[in-house]
Structure formats: structure tokens, C-alpha cells
There are 4 protein chains.
Amino acid sequence: MGSSFGKNFRVTTFGESHGGAVGVILDGCPPKLKINIDLIQNELDRRRPGQSKITTPRNEDDKLEILSGLKEGITLGTPIAMMVRNKDQRPGDYSNLEQVFRPSHADGTYHLKYGIQAGSGGGRASARETIGRVAAGAIAKQLLKNLFNTEILSWVKRIHDIDSQVNKNKLTLSKIDSNIVRCPDDKVAAKMIKRIKELQQDGDSCGGVIECLVKNVPSGLGMPVFDKLEADLAKALMSLPATKGFEIGSGFLGTYLRGSEHNDSFIESDDISKLKTISNNSGGIQGGISNGENIEMKIAFKPTATIGKEQKTVNADGKEVLMKAKGRHDPCVLPRAVPMVDSMVALVLADHLLLHQAQCSIIK
Amino acid sequence: MGSSFGKNFRVTTFGESHGGAVGVILDGCPPKLKINIDLIQNELDRRRPGQSKITTPRNEDDKLEILSGLKEGITLGTPIAMMVRNKDQRPGDYSNLEQVFRPSHADGTYHLKYGIQAGSGGGRASARETIGRVAAGAIAKQLLKNLFNTEILSWVKRIHDIDSQVNKNKLTLSKIDSNIVRCPDDKVAAKMIKRIKELQQDGDSCGGVIECLVKNVPSGLGMPVFDKLEADLAKALMSLPATKGFEIGSGFLGTYLRGSEHNDSFIESDDISKLKTISNNSGGIQGGISNGENIEMKIAFKPTATIGKEQKTVNADGKEVLMKAKGRHDPCVLPRAVPMVDSMVALVLADHLLLHQAQCSIIK
Amino acid sequence: MGSSFGKNFRVTTFGESHGGAVGVILDGCPPKLKINIDLIQNELDRRRPGQSKITTPRNEDDKLEILSGLKEGITLGTPIAMMVRNKDQRPGDYSNLEQVFRPSHADGTYHLKYGIQAGSGGGRASARETIGRVAAGAIAKQLLKNLFNTEILSWVKRIHDIDSQVNKNKLTLSKIDSNIVRCPDDKVAAKMIKRIKELQQDGDSCGGVIECLVKNVPSGLGMPVFDKLEADLAKALMSLPATKGFEIGSGFLGTYLRGSEHNDSFIESDDISKLKTISNNSGGIQGGISNGENIEMKIAFKPTATIGKEQKTVNADGKEVLMKAKGRHDPCVLPRAVPMVDSMVALVLADHLLLHQAQCSIIK
Amino acid sequence: MGSSFGKNFRVTTFGESHGGAVGVILDGCPPKLKINIDLIQNELDRRRPGQSKITTPRNEDDKLEILSGLKEGITLGTPIAMMVRNKDQRPGDYSNLEQVFRPSHADGTYHLKYGIQAGSGGGRASARETIGRVAAGAIAKQLLKNLFNTEILSWVKRIHDIDSQVNKNKLTLSKIDSNIVRCPDDKVAAKMIKRIKELQQDGDSCGGVIECLVKNVPSGLGMPVFDKLEADLAKALMSLPATKGFEIGSGFLGTYLRGSEHNDSFIESDDISKLKTISNNSGGIQGGISNGENIEMKIAFKPTATIGKEQKTVNADGKEVLMKAKGRHDPCVLPRAVPMVDSMVALVLADHLLLHQAQCSIIK
């Protein structure tokens with residue numbers, strides 16, 4: 001259990017990092033949606049290992065195969081199964097890990113929970129698992145784009161202590177993808193890349209913050225009281241590997257404001273269905289339901305646990321051992337996490353779109 | 001939809017703030033659990049309005065009625081229905097709100113989503129809805145306490161800009177409850193209370209941060225890849241009214257560390273099932289699964305949206321109006337949110353306990 | 001677990017037969033539906049004990065209380081909680097049952113599963129549990145009636161070996177309710193009533209078959225491959241107490257036909273969305289999806305297990321004992337099961353209506 | 001939606017009959033289960049087309065590929081993905097069907113629901129979809145066999161009007177598989193085979209009844225009130241293609257008995273956990289919970305809708321057309337449906353085993 005997400009637009013993923021394949025079944029996608037398959041492959045390429053000098057050198061082309069659910073590029077309304085074969089597996093690299101628990105990695109807890117572990121690499125705990133999420137997310141994005149022109153834009157806001165300020169009004173996907181670290185401020189990006197390389201050479205790693213902006217969000221999405229939109233977004237994003245924190249709208253900083261400062265005033269409008277607010281401390285969601293304003297979120301990613309430096313740890317017998325990770329790993333997960341964030345947000349919005357349609361569109 | 005939480009230990013809540021009653025059905029609770037009903041009532045008293053000078057004056061005794069599922073205080077394994085009657089309803093107070101959208105409140109989005117709203121008050125968006133959560137959470141707490149001596153302790157860490165530092169080793173429930181703001185540092189608590197009163201007199205409000213510590217957590221809880229323990233905790237807590245952020249372990253601050261600084265080293269041990277780590281940046285969860293260390297979280301609560309000050313807003317016709325809230329409301333939600341946080345954490349842990357039992361206890 | 005039904009139009013029931021109350025939460029009902037509360041009470045009256053000489057004499061008025069989810073009779077889109085207090089409890093009647101397992105009743109299996117049992121009566125295994133289903137079903141019926149003029153008509157087709165033939169074209173609810181056994185053929189009904197009374201006087205019981213006809217079913221309902229419409233109807237009806245068999249359309253008898261005899265030929269039509277077939281062996285469902293024809297089902301109910309005659313059985317220690325049931329019970333469950341069948345069918349159709357709306361209405 | 005089954009032991013299937021592949025993800029399987037992969041392939045061979053002269057001649061070897069979830073044949077507790085490539089696709093055979101609705105087939109209803117159809121063949125409505133069910137069911141069978149020595153035996157009881165009587169005490173899998181029609185009475189089997197061939201030559205088809213016996217069932221499985229064991233079995237079996245009826249225990253025939261005749265008397269026993277009954281009209285389930293006796297069921301399968309004979313029907317424009325099916329199809333689905341029934345029963349029991357473990361094993 002635990003490998004499915006969503007209620008009406010529902011994905012189920014499979015695959016270990018060094019097994020035969022990784023993939024996903026997407027069940028519940030509306031029929032008659034025209035899919036641009038290149039856009040799916042493009043998202044996979046954005047999360048592909050080996051895409052630049054600051055990512056893991058594992059060499060995978062991550063070529064998508066669609067097994068079902070489409071007819072001449074149109075969705076049938078039946079499950080869409082998608083798969084990527086694992087190619088560049090090097091189980092040997094991890095042979096010394098099988099009985100050693102990497103600090104702050106999932107090795108120890110998988111062992112505690114299941115009493116058995118994938119033969120090598122991170123198994124399901126590897127970011128390789130996110131291929132299925134990204135493939136399905138790319139379909140969700142197209143659904144939202146086609147129906148509402150919804151645009152989901154995530155970027156690297158901060159790496160280690162190198163922060164950026166971005167003009168959200170001018171932000172575009174091509175601007176984000178214009179450099180390998182995916183920070184739309186080129187000058188700051190250069191500093192970030194330098195820092196990542198330095199830490200990598202030092203056998204170390206770093207984390208940071210990804211920010212996400214969603215434009216043209218339909219209002220009315222979200223189901224109080226437990227399936228509030230921000231609650232499902234929080235779950236979706238905190239289910240990504242290495243995440244440690246989530247903020248919506250004003251986040252932790254907003255708690256320093258008074259109510260009179262924090263409240264977002266509505267702007268007079270003839271069309272109540274398109275209400276706008278002057279400020280957006282709410283981050284586009286009020287009472288668990290989207291209000292039509294931009295959704296704004298921040299997600300904290302910890303420094304990669306697997307590092308080249310020698311560390312003390314224990315093996316499966318509880319004995320202390322020294323270890324230096326030999327497997328290929330990212331010195332910083334954030335550049336490749338950007339499409340993962342996009343995808344999880346798209347999956348949440350697509351699911352809530354169908355849930356809202358189910359309950360609230362039938363009686364006029 | 002949206003009013004159920006959990007998979008195997010599953011709660012469904014009902015009730016508007018000014019309707020006949022609020023309550024919950026808890027389905028899936030193990031049979032043969034001895035319930036201390038006073039402990040349930042005690043948790044309801046901790047979240048009760050009118051409990052102190054810094055909470056809303058609405059006068060509800062919130063007396064619990066258990067309708068099913070118990071026999072002489074022992075669980076039958078059948079649904080446990082619990083209910084609290086609403087008593088001190090004053091729909092009149094809200095008569096001017098019915099067609100006016102309070103800024104940053106749920107009035108506008110409920111209107112957009114459902115096209116109809118509860119007659120007065122916040123309806124399901126009111127914190128009154130959390131009574132069902134707290135009642136069910138009090139049973140979850142007893143399940144965890146009885147089986148593993150698990151203790152869930154939440155407290156007010158910060159109000160507005162008044163921060164506290166707490167010695168977690170010495171923390172107790174009675175220490176937390178020793179003052180009305182539920183900050184276990186009495187000196188800081190006094191300042192917090194003063195601040196809340198000042199803002200209240202000013203017709204304003206404030207927010208802050210609640211911290212939560214869970215001790216004696218069984219290891220192995222959490223279901224990768226989507227139902228990771230921190231993902232479900234994030235969802236649970238971000239489903240509480242007024243939340244804007246969530247952190248597990250090192251949170252956003254941890255992203256300033258290098259991997260070599262952030263990693264939690266394991267301590268040599270004869271019993272691998274009771275592995276400990278030197279530091280706990282992971283916050284008790286690695287790879288989405290509890291490792292047996294303390295779980296540590298922080299949750300951001302925004303300043304209360306409903307304030308006494310006059311604000312500009314719009315009505316249901318989109319026209320600008322001025323409003324001053326007359327309904328009773330909390331100038332700061334955090335003191336009463338403490339038992340809500342406790343409860344949501346207990347519900348997540350109890351659910352994952354049963355889910356883990358289902359999958360991982362049957363083959364030795 | 002096990003007390004919830006439906007995915008998007010979802011009910012959760014609670015309550016033991018001799019506890020404080022029985023009831024239901026209905027979550028996911030569309031907002032803005034005008035509810036006729038008398039129609040809900042009317043359905044409860046149709047399943048009420050003590051309604052005639054051939055039902056259990058337990059005296060309950062089963063007066064409905066609605067606790068949430070409505071505003072002036074209109075649905076809010078929030079959970080609708082409904083409850084009936086238990087009044088005429090006589091735990092004493094069952095004191096000799098607590099340690100004795102009635103043959104073919106749930107006493108033994110509840111004991112095996114939970115290791116504890118409700119103090120008296122059938123607990124959750126009592127037909128009293130169906131009050132929540134019937135109340136929620138009465139709302140589902142109104143939703144379907146208002147939107148599609150859908151009509152659900154169930155009646156007693158056979159009691160013991162007394163069979164009836166009914167002209168389905170002329171069938172009405174008032175015709176069904178025109179006699180206490182709910183068989184719309186008055187002459188046959190009189191024989192059935194006589195038989196039930198004879199068996200009752202003999203300390204015995206009987207079963208039979210209920211037939212159900214649904215007219216004006218929207219086409220397109222049902223979700224292959226597991227949630228086919230007939231599969232969910234089968235589950236719904238086989239979850240009612242005392243059911244032993246389910247048939248859709250031609251059922252078991254249809255298996256004696258050749259394909260060329262069994263196939264339902266389509267009739268030429270200008271409007272493909274309103275396709276009709278000459279015969280209806282399919283029972284209104286093909287490939288798991290409604291085709292717009294009438295849905296036709298039959299459900300087998302076994303003779304009531306609790307009888308007045310002395311029977312050999314065992315107690316909770318496994319020792320043989322003789323027993324004569326003293327509790328009040330129905331000599332034949334079918335007359336009161338008619339509204340239960342109606343309700344379960346309505347719940348399935350309402351759920352599939354919303355599920356279909358979610359997936360198939362958003363892209364034109 | 002609709003392609004997942006089970007709560008804790010959960011399968012999700014994918015694939016159209018003439019697409020790239022069909023398969024399944026099984027999520028929630030306990031870790032550390034030793035899987036015999038040959039037994040999975042063996043079950044696929046039992047449902048394989050072209051296995052005998054009385055099945056469709058479509059030539060598929062249905063060679064299983066396992067993509068994830070196992071390590072050296074042991075389950076990891078992670079999703080098990082399994083796939084079979086489609087090979088002998090002949091879309092041309094169906095080119096005349098794309099716009100013609102076969103009577104009593106799913107063509108028309110898929111068109112009504114989705115507004116688009118798989119390019120050829122039955123798409124998801126084809127029995128080819130059941131490959132994923134059978135592969136996952138073969139794992140469920142091994143789980144039950146290993147833990148409780150549970151044995152699931154299904155066989156063809158009746159074809160058209162040719163009925164068999166089977167001595168259930170002597171029944172074995174090899175006896176069932178000893179002839180191509182899977183009726184363990186060889187003399188009757190010969191008659192059945194002859195009948196099927198005759199109808200096939202006549203361009204016609206037939207149906208019949210499959211019976212299922214489950215031995216060594218753990219007691220306590222089933223979750224009242226909606227997820228009763230017989231309710232979930234009914235759903236599981238009525239979700240198979242071509243099913244029209246379901247019976248548990250005494251079924252429809254039992255409704256002709258009096259309560260005193262129908263009740264199953266318990267036999268005195270020292271070990272209450274192994275209670276036996278003299279008769280088994282209950283079919284192994286009482287109050288929705290297994291009592292440890294054999295589970296006995298019957299399932300009605302209609303005659304195959306696709307036949308060689310010319311039939312009148314309509315096309316997608318509603319116009320009358322004459323058609324003769326050219327695609328390869330079974331003249332009688334029952335021989336190949338036997339492993340499908342086995343698998344669905346195994347999936348239900350495995351799921352309820354884990355659900356019972358979750359709720360009822362944790363407090364002693």
C-alpha cells in the first residue's frame with residue numbers, strides 16, 4: 001500500500017531503482033483528451049539523471065513507453081499505463097550498502113519496516129520512483145492547460161544560503177529552464193552552480209527551497225474539511241524524497257503579521273466568479289478552497305543524504321562501520337526536483353477538478 | 001466528500017458551527033480497547049470556547065455523548081459515533097455576514113464552490129468542526145498510549161514575534177496546560193497573553209507557531225511512496241483551520257546545512273529494532289517511515305481572519321462594503337489549536353499503526 | 001472498517017440495535033438539492049418494526065433527526081448527519097443469548113472476529129443497522145428523481161414457495177404498498193400473509209425473493225472493470241442482512257439460452273443517446289455500464305435465523321445447549337427489506353452518477 | 001476510475017485487448033513472501049486463449065514479465081508490477097465493428113459513456129483484461145496457501161442445460177483440469193464439449209454455471225456492515241465479464257426452506273475458534289464474517305454475446321445494419337473463466353485477511 005495518489009484522477013506507481021522498469025497507471029483520466037506525447041517525454045527529460053554536470057552521472061535516456069489507454073493520441077477514459085526501462089543499473093556499486101545503513105537515508109527504516117530490502121540502490125526510496133509521477137503529472141498538466149489555460153511554474157529559489165528574487169509576473173518555463181540549476185535569475189544561478197560543484201568536489205551535498213506558482217487556477221477546488229486543497233498539496237509535496245517543509249501563501253513569515261495586515265481584501269467586481277484580492281497572503285486558497293488567485297507555495301529540500309565523504313554508521317547487525325558512498329548520486333536534488341514539484345501539483349489540481357465536477361456541477 | 005480521514009482507522013466528521021450538533025464516526029478502531037471517557041471529555045475541554053479570557057466568549061460546555069461502539073467502556077470494533085450539541089448559537093450575530101465575504105475567511109470560497117452557505121457563522125469552516133477530530137483523536141491517543149506508551153505533546157512555541165525555548169526532555173502535558181496560552185515557559189507565556197489581549201482590545205488578531213513532539217513512536221510506520229508518514233502528517237495538520245506551513249525535523253532551517261552536517265549518525269546497538277541516532281534532523285522519519293526517534297514538527301497558524309476592526313470587502317453581488325465582525329471569535333487560535341494538533345497527529349499514527357500491522361505483521 | 005459505502009456519494013453508518021442511537025453521515029451530496037424530509041421519514045416508516053402483524057412487534061417510531069448539512073431543507077454540500085434514537089430496547093430478552101450462539105446468526109462469527117459482542121440483540125448484525133442506509137437512500141432517490149425522473153420500485157416477488165407474476169408496466173409504489181407484505185398482486189399477497197402467520201405460530205420462519213425494477217436510468221453509469229454497475233449493485237444488495245443470491249437481467253435462467261436467443265437487439269433510432277433494445281436480458285447493463293433500459297434484479301433472502309422453536313446449539317464455551325429465542329424478531333424479513341433494497345440501489349446509482357459526472361462530463 | 005480492487009491488498013489493472021500490453025500492479029502484498037513464479041504462469045496458461053478446441057483460436061502465449069516488487073523471488077512489500085505483451089492482434093478483423101454495436105456487447109455502452117472506443121476488439125471489455133487479475137490472484141492464492149493451507153477450487157458445474165454433480169470431498173485441481181471444459185465429471189464433460197462444438201459450428205454460443213469451493217478458510221474474515229465477505233465476493237465475481245448471477249451457500253433454492261430447516265446447527269467443540277456446523281447452508285459466512293466452514297458459491301455466465309450468426313443491430317449513427325462477427329471469440333466462456341473465478345476469490349480473501357489483521361490482531 002501507499003503507492004497510489006488521488007481519488008478520482010488516480011495514479012499508482014511501481015518500480016525499484018535497479019529493477020526491470022519503473023512506471024505508473026493513471027486511472028480516471030477524462031476521455032477525449034488530446035495528449036501531446038512529446039510534452040510527457042520533455043518532462044521526463046527535465047528530471048532525467050545525467051542531464052548536466054550538477055546531477056548524478058547515471059546514464060538513463062528514460063524513453064517513455066505508453067502501454068494502454070490511448071487511441072491515436074486521444075485518451076480512451078481507460079487506465080493509461082506508462083513505463084520506462086531501467087538501463088544503466090550498476091548493482092555492484094551498492095554491494096557494500098546492502099548491509100550498511102546510510103545515515104539519514106531510507107536503508108535503515110525500510111529494513112525495520114519490511115525486513116527485506118531491494119538488492120541495491122535506494123529501491124522505492126530512490127528518486128527514480130518519481131518517473132511515474134512525472135509522466136502522469138504531464139498528462140494532468142495538459143488537462144488543466146487545455147481546459148483553463150492553467151500554468152504551473154516551479155523553480156529553484158534558494159540553494160544552500162544563495163537566495164534569489166524572482167519577478168513572478170515575467171516568469172516563464174523557458175526562463176526557468178534557461179540554466180541547469182533551474183533558477184530564473186541567471187546571475188544567482190551561476191553562483192548556485194558554483195556552490196554545488198564545490199560541495200560535490202568536497203564529497204558533500206546541499207539542499208534549498210523550491211518555489212511554485214500556479215496561474216489561472218479554477219476557483220472552487222478543494223474539499224473541506226480534511227481534503228482541503230492546501231492539505232492535499234502539502235501531502236503531495238511532502239511525499240517527494242528529501243522534503244522537510246511546506247508553506248502556502250504567507251507561510252511561517254506571515255505569522256509575524258497582525259490579522260489586519262495579513263487579510264487579503266477583495267476587489268469590487270461585476271463577476272463574482274472572478275473575485276480578485278489586493279494582496280495574496282492566502283496563496284490562492286481560503287477555507288481549503290481555491291479562490292481563483294495564483295497559488296503560491298514553497299518547499300524545503302534537505303541536503304542529499306548520500307555523500308562521498310566518509311561517515312560513521314552501523315550495519316544491519318547494529319555494529320559501527322565506516323562508509324563512503326560509491327553509488328552515483330546528486331550533490332543537490334533541487335534542479336531535478338523542479339519537474340517533480342510541477343507534477344505533484346498538477347496531480348492534486350486535476351484530482352480536485354474532477355472531485356469538484358462530481359459534486360458541484362450537476363445541480364445548476 | 002472531504003470529511004473523512006484515514007484508511008484503516010478512519011474518521012468522518014459532520015456538523016456546522018450553528019447547526020444542531022457536531023460530531024464524528026470513528027470506524028476501524030480495534031476491539032477490546034478500554035476507553036477512559038473522561039480523557040476524551042478532557043481533550044474537548046482543552047479545545048472548548050470560553051475556556052479563558054483569551055479565547056472566544058462563545059459559551060459551550062461541549063458535553064460529549066457517545067452513541068455507539070462501546071460496551072461498558074470497551075470498544076466493540078464497530079463504528080464509534082460521538083456527538084456534541086450546539087447550544088450557544090447566535091445566528092443574529094452573523095446576519096450581516098450572510099451576504100458579505102469576510103476577507104481571508106472561507107465565506108467567499110464556500111459561496112464560489114457550493115453556491116449556498118450555512119445560514120450563519122463559519123459553517124464547516126468554523127473551528128467548531130474540529131470537535132469530532134478531537135474526540136476521535138482522544139481515542140487514538142489512548143490506543144497508542146496503551147500499546148507503546150506513545151506520548152504526543154504539542155505546545156505554543158511562538159505568538160506573533162514572542163518566541164519561547166523549551167527543554168523537550170522535561171516537557172509534560174501538565175506543564176503545557178499550566179497556563180492559558182499553553183506555552184510551557186511561564187515567563188514567555190505571560191508576555192504572550194499580554195500581547196493577545198492588547199491585539200484583541202485593538203480589534204485585531206495574531207498567529208504563531210505550534211510545535212509538536214511525539215515520544216515512544218513505534219518504528220516502521222509510514223507507507224512509501226505517497227503515504228509517507230511525514231506526508232500524511234503534513235496533510236493532517238494543514239487540514240486544520242488557519243494553517244499556513246509545516247515542518248518536520250530540521251525543516252526550512254535545515255536547508256542551510258551541508259549533507260555532512262545534516263545527516264543523523266546511527267549509534268551502535270545490539271538491538272537493531274531500537275536504533276538511535278546522535279542528532280535528529282530527520283525528525284524521527286527517514287524515507288517516509290518512522291525510525292523510532294522522537295517525531296518533531298512545527299506548524300504555522302496565521303492571524304485570525306475575523307477581526308473587530310472595520311475592513312473593506314465585498315458582498316455576494318461583488319459590491320464594496322465596510323464591515324466590522326460582531327460574531328464571537330478568538331483573537332488568536334493557537335491556545336485552542338494545541339489539542340487539535342495533538343489529535344490529528346494521533347489519528348495519523350493510529351492509522352499507520354494499523355496499516356503497518358496489516359501488511360507487515362502476518363509473515364514472520 | 002466496513003461501515004462506509006460509495007466513493008463520491010458516500011455513506012457511513014453507525015449504531016447497535018440496543019445502543020443509544022443508529023444513524024448515518026452522507027458525505028458528497030451535491031449542494032442546492034431541495035430535500036423533502038417527509039419522504040425520508042416515509043421510507044423509515046416503510047422499514048419500521050411493528051408496522052404490521054407480520055413484522056417484529058418491537059415498538060419504535062423511528063423518528064428522524066437531521067443534525068447537519070441542510071439549510072431550510074436545501075443541501076449545503078456538507079455532510080448530512082441523520083439519527084434515530086433507540087427507544088424500545090429490552091436487553092433482558094436477550095440475556096440468555098449473550099453466551100449462546102444462535103444457529104445461522106451472526107453471534108458466533110462476531111465472537112470469533114472481535115472477541116467481544118454488543119450486550120444484547122444483534123448489535124450491528126441487526127436489521128436495525130439499515131436505518132442509516134434507508135435515510136441516506138431516501139436522499140439519493142430524490143436526487144435521481146429530480147434530475148432524471150428515475151424511479152426505483154422493489155416488491156416481494158415470492159415468499160417461501162408462493163410466487164407472483166407482476167405486470168411491470170403498470171407497477172407503482174402505491175400498488176406495492178397497498179398490502180402489508182408488499183406484493184403488488186393482492187390475491188397472492190393474501191396467501192403470503194397467511195403463510196407467514198402460520199409459520200410464525202409454528203415458531204418458524206421463511207424467506208423468498210425480492211424483485212427490483214429501475215425506470216429512467218441515465219445511460220453511461222458504471223466504471224469498468226471492477227466497479228461495473230452490476231458488480232456494485234451486487235455488493236450493495238448482498239450487504240443487506242439475510243441475502244443469499246443476486247441476479248441481474250436474465251440471471252441464472254438465462255444461462256439455458258443460446259447466444260442468438262439471449263442477445264438483446266438494438267432498435268434503430270435517430271438519437272443514439274437513447275438506444276432501446278427489443279428484449280432486456282441484459283437487465284439494463286452491458287459491459288458494466290447502464291444502457292438506458294430498465295435495470296432489473298432479483299435478490300434471495302433466506303428464512304429468518306432467529307426462530308421461536310427450540311434448537312440445539314452451543315454456547316461461548318463450545319458446550320451444547322438448547323435454546324428458544326425470546327427476542328422480538330420478524331418471521332419473514334422481506335416486507336421490511338423492500339425499502340432497504342430500494343435504498344441500496346439508490347445509493348449505488350447516485351454514486352455512479354457523480355463518478356460518471358467527474359470523469360466524462362468535463363471534456364465535450 | 002474503476003480499475004482498482006481491494007483496500008489493503010490492492011490491484012490495479014490496465015490494458016486493452018489490442019493495445020501494447022495488459023497487466024497489473026499489486027500494492028500492499030506482505031513482504032517476505034516466497035513466490036513460485038511458475039504457479040503464476042500456470043494460472044495464466046489456464047486462462048490463455050487457444051488452449052483447446054473449444055476456446056478462441058487467438059494465439060497468445062501470455063508470457064508473464066515481472067517488472068518490480070520481487071528480489072530473488074521474495075516479495076519486497078513494494079508494488080509488484082506484472083505484464084503480458086499482446087502479440088496476435090488482428091485489428092483488421094474488427095474493422096467492421098468500430099461503428100457497429102454488437103448486440104449485448106459493451107460496444108454501445110462504451111460509446112455512450114466515453115464517446116470514444118478502443119480501435120478494435122473489446123478494449124477493456126475483452127476478457128483479455130483479466131490477465132492482470134489472474135496474475136495477481138495467483139500471488140494471493142500463494143499467500144493464503146502458505147499461511148492457512150487455503151485451497152480455492154472452481155469448476156464448470158453446468159454448460160447450457162448439461163448439469164453435473166460433483167463429490168466435493170474428493171475434488172482436486174488436477175481432477176478439474178483433467179479435461180478441456182474443466183468439469184470434474186469426465187462423462188458429463190464429454191457431453192459439454194460436444195454441445196459447445198455443435199453450437200460453435202452453428203455460429204452460436206452458450207453459457208452456464210461455475211461453482212466455487214474454498215477449503216481451510218480462516219474464520220473472522222469480513223467487515224460488516226457494507227464490506228461483508230459475501231458482499232465483496234459478489235462484487236468481485238459480478239465484475240467478471242458475462243456474469244449474470246451470484247449465490248452463496250443455499251442461494252435462491254434455500255429460500256424454499258423454513259428457518260428450522262435452513263439453520264446450520266453448531267457442533268459441540270472444545271476449541272471455540274474451530275466451530276463446525278452440521279449443514280452449511282450459510283456457505284461458510286454468517287453475519288458477513290467467515291465461520292471457518294467451506295465457502296461455497298455459484299456464478300451464472302451468460303452465453304457469449306459475440307456470435308458468428310448474422311444478427312440485426314445498429315451502427316453508431318443509430319441506423320439498422322446486419323452483422324456477422326469475424327473476430328476470434330469463445331463459443332463458451334466458462335472453461336477459461338474458471339481461473340478468473342479462482343483469482344477474484346483469492347483477491348477478496350487476501351484483502352480481508354489483511355483488513356482483519358489490521359483491526360483485530362493488535363489488542364490481545
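A salt bridge (a side-chain nitrogen of Lys or Arg within 4 Å of a carboxyl oxygen of Asp or Glu) links Lys235(B) to Asp232(A), with the closest N and O atoms 2.6 Å apart. Between chain A and chain B, the count comes to 10 salt bridges. On the side of chain A that touches chain B, there are 43 nonpolar, 41 polar and 28 charged residues; here Ala, Val, Leu, Ile, Met, Phe, Trp, Tyr, Cys and Pro count as nonpolar, Asp, Glu, Lys and Arg as charged, and the others, Gly among them, as polar.

This is a predicted model, in which local features need pLDDT of at least 70 and side-chain atom pairs count only at pLDDT 80 or more, while totals for chains, interfaces and linings use all residues. Residues are numbered from 1 along each chain as its sequence is written, chains are lettered from A and ligands numbered from 1 in the order in which they are written, and side-chain values use heavy atoms, leaving out hydrogens and water.

Now for the contact itself (heavy atoms within 4.5 Å): chain A puts in 112 residues and chain B 111. About 8600 Å² is buried between them, 59% of it from carbon and sulfur atoms; buried area is the accessible area (1.4 Å probe) that two parts lose on being put together, summed over both. In chain A, Lys113(A), Phe226(A) and Lys244(A) lose the most area to chain B, together 10% of what that side buries.
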